[in-house]
Amino acid sequence: MQQKKNFHRHFATPGLNLYWIIIAYIIVGWFYPVIGLIALICMIGPVMTSIWKGRWWCGHVCPRGNMYDRLLSKYSPHKPIPAFVRTFGFRLFMVFFIFSMFGIQLTFTVPWSEGGLAMWGGIGRVFWTIIVVTTIVGVTLSFIYAPRTWCSFCPMGTISRWVAPKKAPLPKVFTNIHVSSACQMKCKSCARVCPMQLTPYDSRGQEIGYLDPDCLKCGKCTLACPTKIMTLKH
C-alpha cells in the first residue's frame, strides 16, 4: 500500500545558518550562567520590531527559529500543527505561565542579597533555564508535528502577534506577501512550504496583501510559487 505524503514539506532557501548561536548559548551558559542574560535580546527584539515589521524577527533573526527551519525541518514529519495551540486562550495561558515561571525563579533562586556576579549569574541562570526547557519542548514538537509548532504559541511570538500591524495604514518599513488575482489556489504550494502552515493564497488580489500576524515574512511562499505571482514587498 502506497504511503500518503504529507501536505506540508521541507523547503530549503538561501540564507545564513544562525542556529549555531542557540547551540553555543546553551553550552556556554552551562559554564557561565551570566551568559543567560543574552536571552533578553530575543525577548525584547521580536516584540519591538513587530510594531513596525510584524513577526519579521522570528523569520529572519531568531536563532531557534532558524534551527527549526534549516536543521530540524529536514527530519520533521511535517504533520499539521494542532489547532488548539493557535487559539487565543491557549496562547494567553502560555504567556502567563512562562512569565509566572520567570517570576517564581527570580524570586526564590537568585541570591539577591549577595549582589555582584553571584546575583547576575543567578538571574542569567533563570533565563538560561527557561530557554533550555522551551528549546527541548520545541525540538520535541518538531519531531512529533512540524518544525515551527513551538512558534505557533511561543509567548514572545504571541505578544509580537498582538502588537503587529493588522490593517492600513501600514508602517513604511512593513513588508508582506502580495498575491496576484491570477492565483487559482490549485497547487497551494505556498501553504505547503509555509513554516507556520498559513495560507497566503487567501489574500489573492487584495491590494493590502497578506496580513496574518503570524506571518514570518520569510518569503518561502514566493520562492515556491510555480507561477511566481507572489511577491514580498512594502
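Colleague: Where is the place of Lys 228?

Modeller: This is a predicted model. In it, Lys 228 sits in the loop between helix 9 (220-224) and strand 2 (230-233).

Colleague: Is Lys 228 buried or exposed, and how do you know?

Modeller: Its relative accessible area is 51%. Exposed means over 50%, so Lys 228 counts as exposed.

Colleague: What is phi of Lys 228?

Modeller: Phi of Lys 228 is near 55 degrees, a positive value in a residue other than glycine. Most residues other than glycine have a negative phi. Lys 188 also has a phi near 55 degrees. Lys 188 is placed in the loop between strand 1 and helix 8 (189-193).

Colleague: Why does Lys 188 count as partly exposed?

Modeller: Lys 188 has 32% relative accessibility. Buried needs a value under 20% and exposed one over 50%, so 32% falls in between and Lys 188 is partly exposed.

Colleague: Which residues does a cis peptide bond join?

Modeller: The cis bond joins Ala 168 and Pro 169, and omega there is about 0 degrees. Pro 169 lies in the loop between helix 7 and strand 1 (176-179). Most peptide bonds are trans.

Colleague: Now the rings. How many aromatic pairs does the structure hold?

Modeller: The structure holds 9 aromatic pairs. One of them is formed by Phe 88 and Trp 162, with 6.0 Å centre to centre and 45 degrees between the planes.

Colleague: What does the pair of Phe 88 and Trp 162 tie together?

Modeller: Phe 88 belongs to helix 5 (residues 88-108) and Trp 162 to helix 7 (residues 155-163), so the pair ties together parts that are 74 residues apart in sequence. Phe 88 is exposed at a relative accessible area of 56%, while Trp 162 is partly exposed at 36%.

Colleague: Why is the pair of Phe 99 and Phe 102 tilted?

Modeller: The ring centres of Phe 99 and Phe 102 are 6.2 Å apart and their planes are at 45 degrees, so this pair is tilted. Both residues lie in helix 5, 3 residues apart, about one turn of the helix. Phe 99 is partly exposed, at 36%. Phe 102 has a relative accessible area of 7%, and buried means under 20%, so Phe 102 is buried.

Colleague: At what angle do helix 1 and helix 6 pack?

Modeller: Helix 1 (residues 19-31) and helix 6 pack at an angle of about 135 degrees, with their axes 10 Å apart. Helix 1 and helix 6 are therefore oblique to each other. Helix 1 passes helix 6 in a left-handed crossing.

Colleague: How do you know that the charged end of Arg 125 sits over the ring of Trp 128?

Modeller: The charged end of Arg 125 is 4.8 Å from the centre of the Trp 128 ring. The distance has to be within 6 Å, and the charge also has to be within 35 degrees of the ring normal. The charged end of Arg 125 also sits over the ring of Trp 30, 5.9 Å from its centre.

Colleague: How many disulfides does the count come to?

Modeller: The count comes to 0 disulfides. For Cys 183, the nearest cysteine sulfur is that of Cys 190, 6.2 Å away. A disulfide needs sulfur atoms within 2.5 Å, so Cys 183 is in no disulfide. Cys 183 is buried, at 14% relative accessibility.

Definitions and conventions:
Residues are numbered from 1 along each chain as its sequence is written. This is a predicted model: local features need pLDDT of at least 70, side-chain atom pairs count only at pLDDT 80 or more; totals for chains, interfaces and linings use all residues. Side-chain values use heavy atoms; hydrogens and water are left out. Rings of Phe, Tyr and Trp (its six-membered ring) pair if their centres lie within 6.5 Å; planes under 30 degrees apart count as stacked, over 60 as edge-to-face and the rest as tilted. Helices (H or I, at least four residues) and strands (E, at least two) are DSSP runs, numbered from the N terminus. Buried means under 20% relative accessible area, exposed over 50%, partly exposed in between (1.4 Å probe, protein chains only). Axes are lines fitted to C-alpha atoms, for helices over the stretch in contact, and angles run from 0 to 180 degrees between N-to-C directions. Angles under 35 degrees count as roughly parallel, over 145 as roughly antiparallel, 65 to 115 as roughly perpendicular and the rest as oblique. A crossing is left-handed if the near helix is turned anticlockwise from the far one by less than a right angle, and right-handed if clockwise.
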